[in-house]
Amino acid sequence: MQKKFKKIFKVLCISPLLIIFINLSVTAEVSRIDLIKTNWSFEGIFGKFDRAALQRGYQVYNEVCASCHSVQYLSYRNLTEKGGPEFSKEQAKKIAASFEVMDGPNSEGEMFSRPGR
């Protein structure tokens, strides 16, 4: 009885997987699409990012995306790093100061907000 149960269990487990595999292989054959080839400036080992484009990207994020998608784990010092937007230190300080950051507790044990640094 137990052997029959094991065989039935194996068949029930393997059957859906086989059906999925067959369906995937058939759809892969039918829906082969040639993608447009692009040449990105940052592609490959020697690729590089365009600083102005990265800064515009940060501006778009800040004006459009930030309302729903926070970057709470981003340090403002990362905005000056190579490979990022590469803002100057003064620009990064100005950006940081435009945000309110929760800090504390103060000497009275209360949380307070302050400009970012």
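These legends accompany close-up views of a predicted model.

Residue numbers start from 1 along each chain as its sequence is written, and side-chain values use heavy atoms, with hydrogens and water left out. Because the model is predicted, local features need pLDDT of at least 70 and side-chain atom pairs count only at pLDDT 80 or more, while totals for chains, interfaces and linings use all residues.

**View 1. Overall fold of the protein.** The protein has 3 helices and 2 strands, in the order α-α-α-β-β along the sequence. Helices (H or I, at least four residues) and strands (E, at least two) are DSSP runs numbered from the N terminus. Of the 117 residues, 9% count as buried; buried stands for under 20% relative accessible area, exposed for over 50%, and partly exposed for values in between (1.4 Å probe, protein chains only).

**View 2. The largest pocket and its lining.** The space in this pocket comes to about 280 Å³. Its lining consists of Tyr 58, Tyr 61, Asn 62, Ala 66, Ser 70, Val 71, Gln 72, Leu 74, Tyr 76, Leu 79 and Phe 99. By class, the lining has 8 nonpolar residues, 3 polar and no charged. Nonpolar covers Ala, Val, Leu, Ile, Met, Phe, Trp, Tyr, Cys and Pro; charged covers Asp, Glu, Lys and Arg; the others, Gly among them, are polar. On a 1 Å grid over the protein atoms alone, a pocket is an open set of points where a 1.4 Å probe fits, with protein on both sides within 12 Å along at least five of seven lines, and lining residues have an atom within 4 Å of a point. Grid points are joined across faces, edges and corners, and the volume is the space filled by probe spheres set on them.

**View 3. A nonpolar surface patch.** Trp 40, Phe 42 and Phe 49 make up the patch, with about 350 Å² of accessible area together. Trp 40 belongs to the loop between α1 (2–30) and α2 (51–65). Patch residues have over 30% relative accessible area and no salt bridge, and nonpolar side chains (Val, Leu, Ile, Met, Phe, Trp, Tyr) are joined within 5 Å. Areas come from the Shrake-Rupley method with a 1.4 Å probe, and for residues only the protein chains shown count as cover.

**View 4. The salt bridge between Arg 51 and Glu 86.** The structure holds 2 salt bridges, each defined as a side-chain nitrogen of Lys or Arg within 4 Å of a carboxyl oxygen of Asp or Glu. In the pair Arg 51 and Glu 86, the closest N and O atoms are 3.1 Å apart. This pair links distant parts of the chain, with Arg 51 in helix α2 and Glu 86 in the loop between α2 and α3, 35 residues apart. Arg 51 is partly exposed because its relative accessible area is 45%; Glu 86, at 22%, is also partly exposed. Glu 86 has a positive phi of about 55° although it is not a glycine. Glu 86 and Gln 55 are 31 residues apart in sequence, with 7.7 Å between their C-alpha atoms.

View 5. Asp 103 and Arg 114 form a salt bridge whose closest N and O atoms are 2.7 Å apart. It joins distant parts of the chain: Asp 103 in strand β1 (residues 100–103) and Arg 114 in strand β2 (residues 112–115), 11 residues apart. Asp 103 is partly exposed, at 24% relative accessible area. The peptide bond from Gly 104 to Pro 105 is cis, with omega near 0°, and Pro 105 sits in the loop between β1 and β2.

Note on methods. Patch = residues over 30% accessible without salt bridge, like charges linked within 9 Å, V, L, I, M, F, W, Y side chains within 5 Å.
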